[in-house]
Amino acid sequence: MTLLSVENLTTAFQTERGQVTAIEDISFSVDRGEILGIVGESGSGKSVTALAIMGLLPMPPARILGGHIRFDGTELLGLSDRAMQRLRGPGVAMVFQEPMTSLNPVFTIGEQIIETVKAHERLSEREAFARAVEMLERVGIPSASMRMRDYPHQLSGGQRQRVMLAIALVCRPRLLIADEPTTALDVTIQAQILDLILDLRDELGMAVMIITHNMGVIAETADRVLVTYAGRVVEQAPVDQLFDHPLHPYTRGLLACVPTVEQDQDRLQAIPGNLPEPARRPPGCRFSDRCGWAIPACQEALPPLADFGGDHRAACIRVRELA
Ligand SMILES: Nc1ncnc2c1ncn2[C@@H]1O[C@H](COP(=O)(O)OP(=O)(O)OP(=O)(O)O)[C@@H](O)[C@H]1O
Ligand SMILES: [Mg+2]
């Protein structure tokens with residue numbers, strides 16, 4: 001059963017150099033209880049996609065140029081602020097990429113978790129406190145009831161990341177969007193956080209969108225994978241299929257040097273060259289100027305995201321020749 005469906009989503013930012021599109025024609029869905037991994041180089045539009053779903057893109061400068069975002073059948077684009085606020089927490093919750101900027105420095109972490117629970121559930125102060133402590137324990141904060149009184153600056157980066165996860169999970173969301181949830185963490189904690197996300201998926205039937213640069217994290221957690229490049233989806237497949245038979249040259253490049261989860265790599269560097277700036281994207285296939293297999297036809301038109309069977313799609317006109 002589909003929980004989230006994003007269709008042909010296109011968003012742009014107003015900049016000094018005019019309007020630039022950040023994501024173009026993005027479509028994907030997430031089923032109940034499913035873990036969708038989203039992978040792609042820095043600037044490929046992963047966070048913009050997540051923020052659009054949360055209704056948290058700053059508008060202006062951001063603008064939604066088209067598309068649909070449906071959560072459990074409800075169109076989220078154009079939903080009132082109040083309705084969106086009710087949805088955030090028990091419906092969709094997000095762990096943001098920068099934990100420090102999303103915690104409020106003047107409130108204790110306990111106050112921040114309790115406030116989140118109480119905004120959505122009628123609990124007494126004591127019940128809310130107990131729920132907060134339980135969640136902090138689950139995300140691996142030792143002496144949780146004492147740490148409730150700490151302010152964000154008293155915690156390490158990894159602990160702040162875990163507090164963010166506790167805030168996201170405390171309302172038992174139906175969809176968790178985790179934007180680079182483990183980048184700042186050491187290897188042991190990283191594995192622990194990924195295990196926790198997997199446990200909660202099983203326990204609550206929670207769906208997860210996990211955004212990462214780390215193919216190892218994808219391999220450990222995802223059921224299905226979306227590969228993004230320069231604001232577009234270039235490949236989509238069940239995780240085994242993606243690792244065993246990648247179709248798009250970009251995905252092949254990413255997989256050519258898969259780091260293990262143990263290697264703490266936060267930039268994908270398998271492919272020579274850089275992601276083009278939005279205003280300087282080549283015509284046709286956005287990857288054509290870095291692709292070893294490109295032919296002149298690649299620059300003539302945008303390749304459609306074609307279906308190769310078994311829920312495996314890729315946007316490359318040369319897939320059959322390369323196979
Ligand atoms: N506030 C903004 N104003 C202008 N452009 C923006 C803004 N936020 C994002 N963008 C642009 O949108 C594009 C996608 O950015 P996004 O943050 O989604 O990338 P990302 O895939 O999350 O990268 P990273 O892996 O570094 O987090 C980039 O070209 C970025 O420059
Ligand atoms: Mg990002």
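A residue is called buried when its relative accessible area is under 20%. By that cut-off, strand S10 (residues 232-238) is mostly covered, with six of its seven residues buried. The model is a predicted one.

**The sheet**

- Eight strands make up an open sheet of mixed pairing, in the order S6-S7-S8-S3-S9-S10-S12-S11.
- The edges are held by S6 and strand S11 (306-307); each has a single partner strand, so one side of each is left without a neighbour in the sheet.
- S11 pairs with strand S12 (residues 313-314) in the antiparallel sense through two bridges, and Ala 306 has Ala 314 of S12 as its bridge partner.
- Helix H7 packs on the sheet, where it touches S6 and S7. The direction of H7 makes about 180 degrees with that of S6.

**Strand S10 and its partners**

- Strand S9 (residues 224-229) runs antiparallel to S10 and is joined to S10 by six bridges.
- Within this pairing, Thr 228 stands opposite Val 233 of S10.
- The hairpin of S9 and S10 has two residues between the strands, and Ala 230 takes a positive phi near 45 degrees there.
- S10 is also joined to S12 by two bridges, again in an antiparallel arrangement. Gln 236 has Arg 313 in S12 as its bridge partner.

**The nonpolar cores**

- In soluble globular proteins, nonpolar side chains tend to be buried together.
- The largest nonpolar core here has 39 residues, and the members that touch the most others are Ile 113, Leu 136, Val 163, Leu 165, Leu 169, Leu 176 and Val 208.
- At least two residues of this core come from each of several elements, among them strand S6 (92-95), helix H4 (109-120), helix H5 (125-138), strand S7 (175-179) and strand S8 (207-212).
- Helix H7 gives the most to this core, with seven residues.
- Apart from neighbours within four places in sequence, Val 163 is in contact with Leu 103, Ile 109, Leu 136, Ile 141 and Leu 155.
- A second, separate core comprises 32 residues, including Leu 9, Ile 69, Phe 71 and Met 209.

**The ligand site**

- Ligand 1 is surrounded by 13 residues, of which the closest are Ser 42, Gly 43, Lys 46, Val 48 and Gln 97.
- A polar side-chain atom of Lys 46 lies 2.7 Å from an oxygen atom of ligand 1.
- Backbone N or O atoms also approach oxygen atoms of ligand 1: one from Gly 43 at 2.8 Å, and one from Ser 44 at 3.2 Å.

- Gly 110 is located in helix H4. The relative accessible area of Gly 110 is 3%, so this residue counts as buried.
- Between Gly 110 and Arg 63 there are 47 residues of sequence separation, and their C-alpha atoms are 35 Å apart in space.
- Ser 288 belongs to the loop between helix H11 (249-256) and S11. Although it is in a loop, Ser 288 is buried, because its relative accessible area is 6%.
- The side chain of Ser 288 reaches the backbone oxygen of Cys 285 at 2.7 Å.
- Not counting residues up to four places away in sequence, Ser 288 touches Pro 282, Pro 283, Ala 294, Cys 298 and Gln 299.

Key
Residues are numbered from 1 along each chain as its sequence is written. Chains are lettered from A and ligands numbered from 1 in the order in which they are written. This is a predicted model: local features need pLDDT of at least 70, side-chain atom pairs count only at pLDDT 80 or more; totals for chains, interfaces and linings use all residues. Side-chain values use heavy atoms; hydrogens and water are left out. A nonpolar core is a set of buried Ala, Val, Leu, Ile, Met, Phe, Trp, Tyr and Cys residues joined through side-chain atoms within 4.5 Å. Buried means under 20% relative accessible area, exposed over 50%, partly exposed in between (1.4 Å probe, protein chains only). Helices (H or I, at least four residues) and strands (E, at least two) are DSSP runs, numbered from the N terminus. Contact means heavy atoms within 4.5 Å. Two strands pair if DSSP finds at least two bridges between them. Axes are lines fitted to C-alpha atoms, for helices over the stretch in contact, and angles run from 0 to 180 degrees between N-to-C directions. A residue is near a molecule or strand if one of its heavy atoms lies within 4 Å of it. A polar contact is a pair of N or O atoms within 3.5 Å; within protein, one must be able to donate a hydrogen and the other to accept it, and residues adjacent in sequence count only if both atoms are side-chain atoms.
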